[in-house]
Amino acid sequence: MTATTADVWLPFPAEEIDGLPEGLNYLFWDGEPDYPGDPADCAYYVVPYLKGPEIAVRPLASMSAVRVVQTLSAGIDHVEPGLALLHSGVRLCNAKGVHEASTAELTLALILASLRGLPGFVHGQDKEEWRSGFYPSLADKSVLIVGYGSIGSAIEDRLAPFECARVARVARSARTTARGPVQTLDDLPALLPEADVVILSTPLNPSTQGLVGVDFLAAMPDGALLVNVARGPVVDTKALLTELESGRLRAALDVTDPEPLPAGHPLWHAPNVLITPHVGGSTSAFEPRAKRLLAAQLTRFAAGEPVSNVVTTTG
């Protein structure tokens, strides 16, 4: 099979994506029970967005000719369980460049809403209560970003006007950026006690699952705010609940473990927590950026050029 005769499975109708190259056979599939064609003929598979790991992985075992699996999310953990079903040499690509703006916006919204007490004002409005007083400001706070990839960098871009005392950065590998040094996870014990706001924007992998546990949380100073826009299992929910219920820490969570958070779970009504339902990337900014990414990726694919955003290649 050559790229010019390849089937491409898209979660958008092809006519809605400007700039797609000619010569590819575009099929629309967004997770419906019936496939749009034979999975064995699919060479480029774009995973349906926000449809869960079961749907994402379902066709992989039958995709004997697939060469690229493309997610429309920054994370790939929902696809990773199915990689063992693929033949060697399949490139798994993520959606770097699609979610940075939306996720960074929500991160700032969560920080500001939590610090400035907006949930309490909403409850006060419901009860017709005028809840005036002094509340914390983001200005003069020390912020720690754990997970300094493209989303972490976009978050710092948006923190810049808020007069933070400092921003520290942590990633898998140490490096230097235009804004300052990036340190490693090994440096967290020294950084956490100085952080008023800790932002989690790291991918979920074996090194980050359960990263925020008893010791991590205990190292945060009294009154600090934990913001999770990464993945729920990065945080030990039981350990976080203990800190929230004691009143020592606050949290703003776009992701939880378990997720969706079931009715009756104690996290819903824990003190000092703000929860949003995993909507970091679900904004009007998603579709145009996703479609531009797909057009660019498929143009490279059709021309026989390397695709971008390769996270791993099956072996």
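Colleague: Leaving aside neighbours within four places in sequence, which residues is Glu243 in contact with?

Modeller: This is a predicted model, where local features need pLDDT of at least 70, side-chain atom pairs count only at pLDDT 80 or more, and totals for chains, interfaces and linings use all residues. Residues are numbered from 1 along each chain as its sequence is written, and side-chain values use heavy atoms, with hydrogens and water left out. Contact means heavy atoms within 4.5 Å. With those neighbours set aside, Glu243 touches Leu217, Ala218, Arg248 and Leu249.

Colleague: Is Glu243 buried or exposed?

Modeller: Buried means under 20% relative accessible area, exposed over 50%, and partly exposed in between (1.4 Å probe, protein chains only). Glu243 has 12%, so Glu243 is buried. By contrast, Phe121 counts as partly exposed because its relative accessibility is 31%.

Colleague: Which residues touch the most other members of the largest nonpolar core?

Modeller: A nonpolar core is a set of buried Ala, Val, Leu, Ile, Met, Phe, Trp, Tyr and Cys residues joined through side-chain atoms within 4.5 Å. The largest one has 32 residues, and those touching the most other members are Leu144, Val198, Leu200, Val212, Phe216, Met220 and Leu226. Its largest share, four residues, comes from α7. A second, separate core has 26 residues, among them Leu106, Ile145, Ala171 and Val197.

Colleague: What is Met220 in contact with, apart from neighbours within four places in sequence?

Modeller: Its partners are Leu192, Val198, Leu225, Leu226, Arg248 and Leu249.

Technical notes: Helices (H or I, at least four residues) and strands (E, at least two) are DSSP runs, numbered from the N terminus.
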